[in-house]
Amino acid sequence: MNSKQRNSLISVILVLVVAVAVAVSGRVSSGDEEKTSSVSADSSSVMTVTFVDVGQGDCEFIEFPNGECMLIDSGEKYYSDEVEEKISQAGYSKIDYLVATHPHTDHMGGMSSIIEDFDIGEIYMPYATSNTKAFEDMLTAIDGKGLTINTAKAGTEITFTDDITGEFLAPVSDSYQDTNDYSAVLKLTYNDVSFLFTGDAGEDSEAEMLENSYSSLDADVLKVGHHGSKYSTCDEFLDAVSPEYAVIECGEDNRYGHPHSELTDRLDGRGIAYYRTDMNGSITFVTDGIGIDASSVLTYKEN
């Protein structure tokens with residue numbers, strides 16, 4: 001067992017202890033309850049996917065069984081210290097795979113600091129630009145380390161191991177009116193268990209995925225698009241993904257009213273258990289690649 005795997009194991013055990021010791025507040029469609037894990041914490045076989053609570057933004061941190069890790073988005077810049085601390089406490093000094101889904105600051109605002117403070121392996125971004133300082137700072141940090149950007153688009157694959165695959169299902173087109181539709185949509189599969197990360201992809205991007213990748217959309221866990229907006233995760237898309245669990249990343253009392261009731265009604269109507277970072281805090285799925293059950297979903301909310 002290498003040092004990353006050992007530290008990953010320790011971090012999983014600590015999360016389990018916290019989950020048992022701390023009363024967790026929040027909501028899933030089946031009601032409020034504290035979460036513990038029944039999955040073995042053997043880091044040689046466990047993959048953990050954490051939806052980090054960064055308020056009205058997105059951030060997902062994945063720890064692979066082989067000791068590597070991936071970060072998808074980072075939230076706003078003022079969350080960068082918190083995100084970096086979580087990664088460091090898990091035992092990582094290198095982020096092997098870094099994905100910035102699209103150039104909005106609630107998704108990539110903290111990327112420049114993270115790129116500067118960690119060793120970085122492969123970077124994936126869609127071919128979309130922004131004139132914000134956060135986006136320019138990210139490009140400067142990438143250039144400063146002599147890193148290259150892999151274009152995230154439909155059909156691009158990430159090579160992990162024999163039992164872990166990654167494929168981008170969007171963006172499909174080269175240009176969109178809405179920047180959100182440039183979102184890099186990544187399907188990550190560990191043996192029989194799959195996660196679909198959608199960024200802020202809206203109905204136009206979803207329609208393209210339905211037309212081009214329908215059979216590939218099925219996933220056990222869906223990261224709901226655009227913080228639970230009613231204009232994302234349409235009925236047809238949700239039926240194609242057919243998830244058992246869904247995660248909505250949004251901030252408490254956010255000014256957009258996310259998640260919209262139209263979206264939660266769609267989830268409730270299909271009996272999909274869902275978690276919300278505004279109510280549940282950070283949410284971790286622990287899987288051995290065979291399956292996921294509710295007892296293997298951990299939630300932790302800061303006081």
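Q: How many bridges join strand β2 to strand β3, and do they run parallel or antiparallel?
A: Start with the terms. Strands are DSSP runs of E with at least two residues, and helices are runs of H or I with at least four, all numbered from the N terminus. Two strands pair if DSSP finds at least two bridges between them. Here, four bridges join β2 to β3 (residues 69–72), and the two run antiparallel.

Q: What should I know about the model itself?
A: It is a predicted model: local features need pLDDT of at least 70, side-chain atom pairs count only at pLDDT 80 or more, and totals for chains, interfaces and linings use all residues. Residues are numbered from 1 along each chain as its sequence is written, and side-chain values use heavy atoms, with hydrogens and water left out.

Q: What lies between β2 and β3?
A: Their hairpin has five residues between the strands. Among them, G67 takes a positive phi near 95 degrees.

Q: How many residues of β14 are buried?
A: First the scale. Buried means under 20% relative accessible area, exposed means over 50%, and partly exposed is in between (1.4 Å probe, protein chains only). In β14 (residues 282–287), six of the six residues are buried, so the strand is largely enclosed by the rest of the structure. Both faces are covered: S282, T284 and V286 lie on one side, I283, F285 and T287 on the other.

Q: Which strand does β14 pair with over four bridges?
A: With β15 (residues 297–300), in the antiparallel sense. S282 of β14 has Y300 as its bridge partner in β15.

Q: What does the side chain of S282 reach?
A: A polar contact is a pair of N or O atoms within 3.5 Å; within protein, one must be able to donate a hydrogen and the other to accept it, and residues adjacent in sequence count only if both atoms are side-chain atoms. The side chain of S282 reaches the backbone nitrogen of D53 at 3.0 Å. S282 has 12% relative accessibility, so it counts as buried.

Q: Which way do the residues of β13 point?
A: From β13 (residues 273–276), A273 and Y275 point one way, Y274 and R276 the other, and all are buried. β13 pairs with β12 (residues 245–248) in the parallel sense over four bridges. Y245 stands opposite A273.

Q: How many disulfides are there?
A: A disulfide is a covalent bond between the sulfur atoms of two cysteines. The rule asks for a pair of cysteine sulfur atoms within 2.5 Å. The count comes to zero. As for cysteines, C69 is buried at 0% relative accessibility, and C234 is buried at 12%.

Q: Which residues lie nearest the centre of the second largest pocket?
A: On a 1 Å grid over the protein atoms alone, a pocket is an open set of points with protein on both sides within 12 Å along at least five of seven lines, and lining residues have an atom within 4 Å of a point. This pocket is lined by 15 residues, and Q56, E76, D106, H227 and Y256 lie nearest its centre.

Key:
1 Å grid on protein atoms, 1.4 Å probe; cavity = no way out; pocket = protein on both sides within 12 Å on 5 of 7 lines; lining within 4 Å.
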